[in-house]
Structures are given as structure tokens and as C-alpha cells.
Amino acid sequence: MAMLAWLGLLWIVVTRFSDLLEAVGGRWDEQLAVVMVAAGLIMSWVWAWRDLERSREIKVLGVSQWDLAVRAFSKNRTAVAGLIVIVALYVVALVTPLIAPHEPSVQYDLVSQRLVGMSATHPLGTDQFARDVFSRLLYGARISLTIGFLAVAISVTIGTLLGAIAGFMGGYVDSAIMRFVDMVIAFPRLVLLITIVAIFEPSIFLIVAVLGLTLWPSTARIVRGEVLSLREREFIQAAEALGYSKRRIILRHLIPNVLAPVIVAATLGIGNTIVLEAGLSFLGLGVQPPTPSWGTMVADGRTHLLDAWWLSTFPGLAIVFTVLSFNLVGDGLRDALDPRLRT
Amino acid sequence: MTKYILRRLLGAVPLVLGIATIIFFLVNLAPGDPALLLLSPGMSQEVVEQMRANFGLDQPTHIRYVKWVGAMLTGDFGYSFSHSRPVVAVLMNFFPNTLLLSLCALLVAFVGGIVLGTIQAVRQYSFTDSSLSVVLLFFYSMPSFWLALMLILSMSVFARNVWHLPIWFPASGMTGSDYDFLSAGAQFKDRVMHLVLPTMSLALVLMAGIARYMRGSMLEVIRQDFVRTAHAKGLPERVVVFKHALRNAVIPIITLIGLYIPVLFSGTVFIEVVFAWPGMGRTIVDAIFTRDYPLVMAGTFFFATIVVLANLVADILYAVVDPRIRYE
């Protein structure tokens, strides 16, 4: 595994050495890509080395809950496949400027290169402005993955905190928070999203904020449910008896114990968020052109459905496979983290 | 029972009011003056002021809020700028179309999902089970708007022009261009044909989710003692599965109706845009682009209220179907 990753990165370095040198003095994302390649090279080397070392060592048996979960997860083949796809996607997204064959917004000759089908120079054809679809697809991965990750990070933080507070405090605090949660969940989320995005100017920052701020109620519900049952357990009563502050009990004792379902919900949430972001972009309310995003690419292809089927097919397939991988990993995590389902 | 329903209805009232409040303040936070939409450049300042006063835009926000809630309670949602008609008339015009589409999709999704989930559970770990799981997860991960485009591409464009199949489906609208000249039977057929692709694109994604739940629910029921008893009595497999197990396995699925109605409405927004279906979702999207705020507010409120009601109905259905649930 590690050796493969290392060889892959080495291949990039060898084949695109001149680009690499250029990129060192280039835009910020190109520099980031160079740093990522260097870091990736070193890390995969170290990892491969450690694998070799470890295979010679005698294993010491000390099994924690997390070790058991990791073991159960790695037995699940489809989930591991999903995880590999996700890691590969993030690596590709970070080194995109170095591996994309063309610039995403460069327009080639509009007369001869417009809406051309698949060929050696343009693996997935060109679009209505004679831009390379494959390169745009690679750059689009950065947008989708970044938005998905950031939005879910925001919502998980807020949801976990508010859910834990509601569950632990009870009373007025609980009912106030949970009624608000009910209200946000009752909204058709997409309608709320398009209203907010349409009212303010659409931008990547706004989309991340809005997606993050509308996703948290479901996490809050899960966490509250877990906390309600945890609150009655002895170790929480012990913490209370020791006179710890509420803040300390929530942050240090409750939240670490509800993380398992939250991680599962977050993984499945990233897939959901990527679909939603694509939907917003599809309606023209998401990422604005010329920045390539999978949703806008599908929307662009819609007007050329009759004469260039590849335009909306491939970005859509990219969405499906990305989301599928997140769902597979989410399912695998749920099976691995829930001891009742573990075999 | 009546008491339980009444209490749940009362509980929904503050929820609906809260939703109305959020919508109002969200829309009124918006930059840009909606009155500008109706103005032409040469207008004098007095006319502008007069128009703002006509729409009540010259008053402070909190007074407009009270007025809006008051008007809403009497069923008056204001006047749509872009359609030049009362908002209620606009919504009533488009809502039946959305209802038709979503009910068809809901029906197909639930029937299909329950059947597929049952098949998977009965044949657990077989080739059928695992291949269905993969296919369903594939659909589950799919954005409905892309599925819609792909269905148009394959079932409409390619089926007609490339593969020359005997059957292909129309790609947009509710009726064909020659609808008015058809006989009654042909009109019905025309409508059904136009309904197929939008319904499929909505239903397939939902169906995948329902089948996943159904499989889990059915697996739980199948392992229970009463199913073993039924088998032991010598009942045929068909009767055990469909008469004894299915009824119990469907109960948790009913709560999914409440959960899926918001998903379904979000889906109709895309599907209506893709298929040029004259429904609520497309109207709201258009209203947002033309900054027709009364229509946006009323449409969003209408959607949200239906979701609250659907959740209520699902809860009550759940209580009706499962006598073990106490009406506390």
C-alpha cells in the first residue's frame, strides 16, 4: 500500500518535473501541491519502512475499544475500498495543479475544439467553451471535497456541543434547544438553502457557512439521545460527586463517549453535503463560474445534452462515486463502532 | 386517541409560528429593495414613495412582521410582484401539479422499497441480496437531478434517435404540444407518459433508502419467535413472509414517511426545473431569481407547514398501526 502510494507520487515527480519546478514559484495552490507531493513522498516512505520493521517485530497484545473497531473495520472489504477511494480523492484534490493535463479555464480554439468527444489530448472531451472536461473534473474535486469537509466540521462541532448541553442540562435549556432543532429539521432544507443563498450573493464561503449551519440539528438530536442515557451512568454521577464543573463534565466526560455515532453521522453527512452543494451549483446558486464545480458542470451539460452527452455524464459519475465511497465508509464505521453489530 | 391527536396538533402550532418568524426575518434581512423591480428609470420620487406605501414597504420591520402574521392567519399571503396575482392564487395554481408528482413518487418509492427490502432480507447473504445492495447504494448516492438528466438521455434522446426503441418517454412538461386535440383516452396516456420520467428520477433515490431500512427491519422480524412458530405450523413460505412478517416489519417504515417528505420536496425542486414541470418548487426558484419576496415567503412557509403536518400524520399513523405505543 504505502509502497504503491510512494511509487505513484514518484511517478508524478519524474513525469512532470519541469511543471514542478515552475510550480515552486507559482500560485498558492501550485505551491501547496508541491508541498503536498514532498510531504506525501516522505510520509509514504516512512510508512513503508515502518511496515517492513513491524513485520519483523513480535506483536504485543493490548486491545482497546478503538483497536477492536479498527480490526472490525479492516475486515469489511467494501468499506476499506471506499476509504481508499476517499484518500485517493483527497490526494488528487491536493496535487491537482500538477497532474491536470490542462488549465481548467483555458479556452482552446472555439472552432475546431468545441464540444469534441473523447480523445488522447482531452480524455473526457471538451465543453462548450472548448475547455478540457477532465482537468475541470479534477479541479472540481477540490471544491466539492473542501466544501463537504468544512461544512460537516462546522455542523458536527455545533451539533455535538448543543446536543450535549441540551441532554445534560435538561429543563428549559433542553426544550428551548430541541424546539429550535425541530423547527430547523421541519424546513425542507433545500428551500431554506436556496432562499438564504439567493438573498445574499453566492460565494464559496457563504455556501460552507450555510450548509454547516443547517446540518447540525440532526447531529444535536443524536448526541442528545446518547447523553440522556449516559447521564444516568455511574461515571458521570461520580464526576458530579467529585464536584467537577458542568463545562468539564460535558467536554471531558460526555462528549468523548458519544463520538462513535457522531463520526458515523459525519461521514454519511459529507456525502449528503456534496450532493446538496452540487444541487445548489446546478441551480446556479452555488459556486460561480468560471470556477469549476461538479454541480455547475452537470448544469452546463444540460443545455448540450443532445449533442455532447459526456458533459453532464462524467461530473455526475464523479459525484456518485465520491458519495458512494463516503456512504460505504459510513456504513462500515457504523458496523465497526457498534459493539452489538460486531461479529 | 382524539385527545392524542389534538395534543399533537396544538404542539404543532408554535412550530409553525416559529417557522413563519424565521422566514420573515430571513427575507427581510435581504439587501435590495423589492419595489425597485416595478420601477422604471424615469419615475418621479413621489410615485416611488407611493408604490412603496402601497406594498407597505415604508413601515418599520416589526410592524410589518405583526401585520404579516396577522394577514397570514386570515389566509392572506399578499400579492405576487412577478405573477401580478394574489400569492394564494399562484400557489393554488401550481400546488396540485407538485402534489401529483410527489404522491406518485412516494407510492412508487414505498412499494418498490418494501418489495426490494423484503426480497433482500428473505434471501440474506445470497447473490441477489448483495448485488441488490450494491445497486441500491449506487442509486442512494445519486443526486436526483443527475439521475433525471441521465434518464432523459437514455429513455428519451437515445431511445428515440440512436437505439430506435419502440417506446420512449417525453422529456419535458406535463402534456404534449398536441394535448388539446387528443381524445380523452389519448389525453390520459399522454399525461401518464409525461409523468414516468419525473416520477422515476424522484422515486429511485428514495426507494434505495427505503429498501435499506426495510431490509434491516425485516431481518429483525424474521428472527423472532412468532415467525418460527408460523414456519413450524407448516405454513408456506409465501404466507409466513407476506402475512406474518411483512406486517410487523412495515411499522418502522411508516415513520420514514415523515422523514422523507422534506427530502421529497427538495427533490421536486430539481425535478421540476429539469423537466420544466409547472409546480411549486420551480415557482419558488423562479420567484427567488425575480426577488418576488411575498411568493418566496408564502411558498417556503407552505412547504414547511406541509412537512410539519406530514410528520404529525406519520406519528399518528404509527400510533394507529402499532397498538403497543401509548398515547402519552
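Which residues are linked with R212(B) in a network of salt bridges? In this predicted model, the network is made up of D331(A), R334(A) and R212(B). The surroundings of the two partners can be described by their accessibility. D331(A) has a relative accessible area of 14% and is therefore buried, since buried means under 20%. R212(B), at 28% relative accessibility, counts as partly exposed.

The salt bridge between R212(B) and D331(A) leads directly to the contact between the chains. Across the interface of chain B and chain A, one salt bridge is found. The same interface holds four residue pairs in polar contact, with both residues at pLDDT 80 or more. On the side of chain B that touches chain A, at least two residues each are supplied by α1, α5, α6 (144–161), α9 (237–274), α10 (280–289) and α11 (293–321) of chain B. The largest share of that side comes from α6(B), which supplies eight residues.

The extent of this contact can be stated in residues and in area. Chain B contributes 40 residues and chain A contributes 41 residues. The size of an interface is often given as the accessible area lost when the parts come together. For chain B and chain A, the area buried between them is about 3,700 Å², and 83% of it is on carbon and sulfur atoms.

S312(A) is located in helix α13 of chain A. Is S312(A) buried or exposed? With a relative accessible area of 0%, S312(A) is buried. Leaving aside residues up to four places away in sequence, S312(A) touches M297(A), V298(A), G301(A), R302(A) and L305(A), together with W146(B), L149(B) and M150(B).

Other salt bridges lie elsewhere in the model. A search of the whole structure finds six salt bridges over all chains. One of them is formed by the side chains of D129(B) and R215(B), at 2.9 Å from N to O. This pair links distant parts of the chain: D129(B) is in helix α5 (residues 127–140) of chain B and R215(B) is in helix α7 of chain B, 86 residues apart. D129(B) is buried, its relative accessible area being 3%. In chain A, the side chains of R231(A) and E232(A) also meet in a salt bridge, at 3.7 Å from N to O. R231(A) has a relative accessibility of 25% and so counts as partly exposed.

The architecture of chain A gives the setting for its residues. Its secondary structure comes to 13 helices and zero strands. Of the 343 residues in chain A, 48% are buried. Among contacts in chain A with a separation of 6 or more, residues 24 or more positions apart account for 73%. The accessible surface of chain A is about 17,100 Å², with 67% belonging to carbon and sulfur atoms.

The surface of chain B also has features to follow. Which residues make a nonpolar surface patch of about 400 Å²? The patch is made by M1(B), V313(B), L317(B), V320(B) and V321(B). M1(B) is placed in the segment before α1 (2–28) of chain B. At 37% relative accessibility, M1(B) counts as partly exposed.

D178(B) is found between α6 and α7 of chain B. With a relative accessible area of 41%, D178(B) is partly exposed. From D178(B) to W68(B), the separation is 110 residues in sequence and 43 Å in space, taken from C-alpha to C-alpha.

Technical notes:
Residues numbered from 1 in each chain as written. Chains lettered and ligands numbered in written order. Predicted model: local features only at pLDDT ≥ 70, side-chain atom pairs only at ≥ 80, totals over all residues. Heavy atoms only, no water. Patch = residues over 30% accessible without salt bridge, like charges linked within 9 Å, V, L, I, M, F, W, Y side chains within 5 Å. Areas by Shrake-Rupley, 256 points an atom, 1.4 Å probe, with all protein chains shown as cover. Salt bridge = Lys/Arg side-chain N within 4 Å of Asp/Glu carboxyl O. Helix = DSSP H or I, 4+ residues; strand = E, 2+ residues; numbered from the N terminus. Buried < 20%, exposed > 50% of the residue type's maximum accessible area, 1.4 Å probe, protein only. Contact = heavy atoms within 4.5 Å. Buried area = accessible area lost by both parts, 1.4 Å probe. Polar contact = N/O pair within 3.5 Å; in protein donor to acceptor, adjacent residues only side chain to side chain.
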